[in-house]
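Student: I am new to this one and would like a guided look. Could we go through it together, one question at a time?

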Amino acid sequence: MTQYAMIIDLRKCVGCGACALACKTENNTALRSNGQTHNWADFIHETTGKFPKTGYKTTPVLCNHCSNAPCVDACPVEPKAMFKTKDGITMHNDERCIGCRACQEACPYSMDEVKRDGAYGEYSVISYNEEGEPYQALFSDSKELIPGCTTSGTHIARAAGATPPHLTRYGHPEYDDTRRSGIVEKCYFCDHRVKKGDQPYCVESCPAGARIFGNIRDSGSTVAKLLKKHKPSVLKPEAGTQPNVLYIGEYGT
Amino acid sequence: MKIKRRDFLKLSVATGAAATVLGKPTLNAFAAAKSGAVAGEAAGQWKPSTCQGCTTWCPVEVFVQDGRAVKVRGNQHSKQNDGFVCPRGHLSLQQIYDPDRIKRPMKRTNPKKGRGVDPHFVPISWDEALNTIADKMMDLRNAGEPEKYCLMRGRYTYLRDVIYDAMPKIFGSPNNISHSSMCAESEKFGAYYTEGKWAYRDYDLDKTKYLLVWGCDPVSSNRLVPSAIKRLGNVIDQATVAVVDPKLNNTAAKGHEWLPIKPGTDAAAALAIAHVLLSEGLWFKGFVGDFTDGKNRFKAGQKVDESTFAEKETNGVIKWWNLAVKDMTPAKAEALCDVPADQLIRVARGMGKAAPAVCVMMGPGAAMHVRGGYNAMSVHALAGLVGGCDNEGGSLQTAKIPVNKMPKDILEKYQDDLAKKHSKMPKIDQRGTLAIPALAKGKSGGGVCANNVANGILNKDPYELKMVVGYMNNFVFSNNGTERWEKALEQIDFLVHITTNAAEFTMFADIVLPGAISKYEKYGFIKTKANRYATCSLLQPVVEPMWESINDETEFPFRIAEKLKERGFANLYDGLRAMYPDPETGKKANTAKEFTEYTLKYYTAPLWDGKKDVGGDKISGWQEMLERGMWNSKPYKYRSQWGGKFKTVSKKFEFYSETLKKALKGHAKKHNVSVDTVMAKSNYTARGELAFVPHYEEPFRNGDMKKYPFTFVDYKSRLNREGRSQNAPWYYEFKHVDPGDVGNQDSLKINPVDAKKLGIRDGDQVRITSMGGSGVCTARLWEGIKPGTVAKSFGQGHWATGDTAAADFKNGVERGFNNNTIIPWDIDRLSGSNARNGGQAVVNIKKV
């Protein structure tokens, strides 16, 4: 039996942002629009106490790949567009998705519309691609800042041969390397990499080594060993979702 | 409407009509292609280059698919970043694929220059651009005034020698102005006039037991970013981490002690720590030495007889105590710097206990003040007191990188009489004049004073500049006192900018050339260090340059040299070809591309030509050098400078700086004045012997604090690729990774106590005003900022550069505001450094 999980060691994390940006380069996610962040990885920040006894903490967030996933329950499509794989990833099939956003509404870690950001504790692990709108708006604009002298979004995409021009091409039977409009999207633990024996890209890119990924059912795995050693915490335990993203260590001293 | 549609969808699903009702592609087309096994990542290749987003200068690799740059990681050979990059590395993909990049040469058609004046740029051919530039250069030579040509260098690689050194010198101008003093010359001043090294230090984080971070945030900026990110989690477990900063930075948030100091008063805190270390007998005797009879005579307020103490690796600890330390008790320091005395005592005792494995990491916040030179010395002196200087677990100098030097002898052969004479004329930054000592490396006028160039231009002193070429720079944005720079650039008759974007500097240009994006599109090499390893890393075009971009440092000089030759001045062309033949074949370059390759080969040859064992990585041949992209030294040997090998006058670590004394006396003698006069002209308060030791100076404020009650704190965002990442939408999306900041806004952090007094609420628009200027941004109420100070990261406030960076590019409207407008023009005259920290900017804040 496999249950993939990610441990985030907050002791090692310095909140630098590399994971979330690396994710955007790996998964070619769009810029924020219509209150949808398209940040499959993101952060929340908390400031506590009064000056000079001020505490500050960053918590990286992503889809929790819950064992008891409300998004899967909520998906009205048959067979479900949002579903659990046999190795415990909360997967999504782009083709079957009808864009009803019931998953987004059901997910305790998602918001219908993110008006602010992690500075105020706001984020959404599920984003929706507005029907009929270009996914990569930056590269769908043909305006030249200085006519004839500077390039434009469409020009650069055409010259590079991809939208976005830095598109990382990959293939997966359930999801595309860029998603069409009118559907939802989120983190899939980089299953297109994991199935090839690689780590999720945020794990591979973390300069602090704060993210550890593996099968918690395998007692020999690093994640299983860490869980034995540390008492992990999860986000919103009261929601009963049984997240498979687990936090260990204290951010500060 | 969105909600309605969703309800409709749910209903549709229930009725089983979704697919047809919505008229979506029926998905069958996708289904056929996508069923079955995981295809995974499409083929591609990791290609080495170097990231120049900050001054860490990381060796990196770029993943290239179908000729496109798609991902970034650290170079897998790097012992400095261990194969990882910080967020900047990823962010840079939005620079190469920036929709607002300049794709071809352009010229100004509106002769009127000024901020907010549309230059009416139109595209032109390369020939027209280069011919125009060459004609202007010939005019200067024909008029016998080649010194009126000036090169302004921003970020650079070490191929800079061509555009920065060789080109102006053979042409006949002394004016090659680097940006170095905008970065941190006063920081180097602190290290040089104590341990004799005009450079940034490396740090041995793996072995440290006490990390004292002063005026910087090593996991965010300041030259060892990925290496510090990797280690901080371990360091907080193995060591005590104390951070001096008026705002809570990332390291402070994770560390044990936060010392929110009053800006500019750093020396008071440092001297108080020294006071405790000495009076409590906690200094490291293996470095500093001891009283001959072992009896501690350091008592508050009491002078000590020099003859009673025998120093080991240091010079003048007793003189220093008597002149500047004995009276700086923690209680006195608290009154000056607002850090509690008991905290200063606790930090000092912790350092003493951990000595000598103490890392004193001094950054620009401690140093870049109007009177910052002595703050830098005071902080760095602590590294000496605890024996953490050049020692295991402390601050380190660096291993050598055995690359070739510029062939100066050949260069000189191609200087004609005009060039020889005029390239020795005084420089436009007035370095070395009485009021601008700029004492880099112990010499009067030894270093640049970039911010003073604006004055040189405006006052035509020592003469008028008629032509400026700038590359990878944006001086009118990145120097404090932007208004002065705007006026200065308006004065320049002919300005050329080699740039990726139409930046603020570009808006004053007559000819604009599209520059290659560093890291993705150009050749070059850099020297850097971290984690005990010195590194030489290549920049390479990992993809074909987008557009008509050129290598600023080599292709531009070569192509201009060709044009000058056509006009009868062949020295530059002949000189460049003679200086840099292919080291393998001896062949001289015939094209700009060949020239670039040969220069790169020339400089790096000792690392790969196998002629001499240079230590470190073994690289066999040019091809392997290109494939690896980098070279690591052997680890730096601890205590290399101990035993009388410090490059100071006394050969020791100097608490009483014989080196600074010599430099100041030299400058004073040059101008026939006393050292006291030099100090007065340099806006320092010390007189007599005090000028030769690290001491406290009352911080200089530009403005009356009754009118401007807050000190302004400027710092670097962890997403700043200097001033170049603010046209990247990801910058704004993730700006909240800077503690206290909010994404998509320019956040001025203000303590809630202060905000309440001013009736300001979180998210309010506020106007901030100083003697330098005024701007509007968003108030962020935050407990992580010291009351009485406000902080905002440098970066936003562009009024040009691109559609994302500016609020309104066409009309020159800024997005947020530029800290350098609020921070009035000023400098630290002794080091030549820009003065932007230390609360020289005082401000008032009003709700808009």
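Student: What share of the 848 residues of chain B count as buried?
Tutor: This is a predicted model, in which local features need pLDDT of at least 70 and side-chain atom pairs count only at pLDDT 80 or more, while totals for chains, interfaces and linings use all residues. Residues are numbered from 1 along each chain as its sequence is written, and chains are lettered from A and ligands numbered from 1 in the order in which they are written. A residue is buried if 20 or more other C-beta atoms, placed from the backbone, lie within 10 Å of its own, exposed if 12 or fewer, and partly exposed in between. Of the 848 residues of chain B, the share that count as buried is 64%.

Student: Which radius of gyration does chain B have, and what does the globule rule lead us to expect?
Tutor: The radius is taken over C-alpha atoms, and the rule is 2.2 Å times the number of residues to the power 0.38. For 848 residues, a compact globule would come out near 29 Å, and chain B agrees with that at 28 Å. The C-alpha atoms of chain B fill a box of roughly 90 × 85 × 55 Å along the principal axes.

Student: Why can chain A be called as compact as a globular protein of its length?
Tutor: Chain A has 7 helices and 10 strands; these are DSSP runs numbered from the N terminus, H or I of at least four residues for helices and E of at least two for strands. For its 253 residues the globule rule gives 18 Å, and chain A is as compact as a globular protein of that length because its radius of gyration is close to this, at 19 Å.

Student: What is L277(B) in contact with, leaving aside its neighbours within four places in sequence?
Tutor: Contact here means that the C-beta atoms of two residues, placed from the backbone, lie within 7 Å. By that test, the partners of L277(B) beyond those neighbours are L282(B), W283(B), A348(B), M351(B), G352(B), L385(B) and V386(B).

Student: How many nonpolar residues are on the side of chain B that touches chain A?
Tutor: The contact takes 81 residues from chain B and 73 residues from chain A. Helix 10 (residues 225-238) of chain B supplies the largest share of the chain B side, 6 residues. Ala, Val, Leu, Ile, Met, Phe, Trp, Tyr, Cys and Pro count as nonpolar, Asp, Glu, Lys and Arg as charged, and the others, Gly among them, as polar. That side has 14 polar and 21 charged residues, and its nonpolar residues number 46.

Student: Which strand of chain B do 2 bridges join to strand 7 of chain A?
Tutor: Two strands pair if DSSP finds at least two bridges between them. Here the bridge partner of G171(A) is G40(B). The two strands run antiparallel, and the one joined to strand 7 (residues 170-171) of chain A is strand 1 (residues 40-41) of chain B.

Student: Which residue in the turn between strand 3 and strand 4 of chain B has a positive phi?
Tutor: Strand 3 (residues 59-65) of chain B is mostly covered, with 6 of its 7 residues buried. It pairs in the antiparallel sense with strand 4 (residues 68-74) of chain B over 6 bridges, and E61(B) has R73(B) as its partner there. The hairpin leaves 2 residues between the strands, and the one with a positive phi, of about 50°, is D66(B).

Student: Is G629(B) buried or exposed?
Tutor: G629(B) is in the loop between helix 27 (622-628) and strand 23 (630-632) of chain B. Among the residues that G629(B) touches are P48(B), S49(B) and P59(B). Because 26 C-beta neighbours are inside 10 Å, G629(B) counts as buried.
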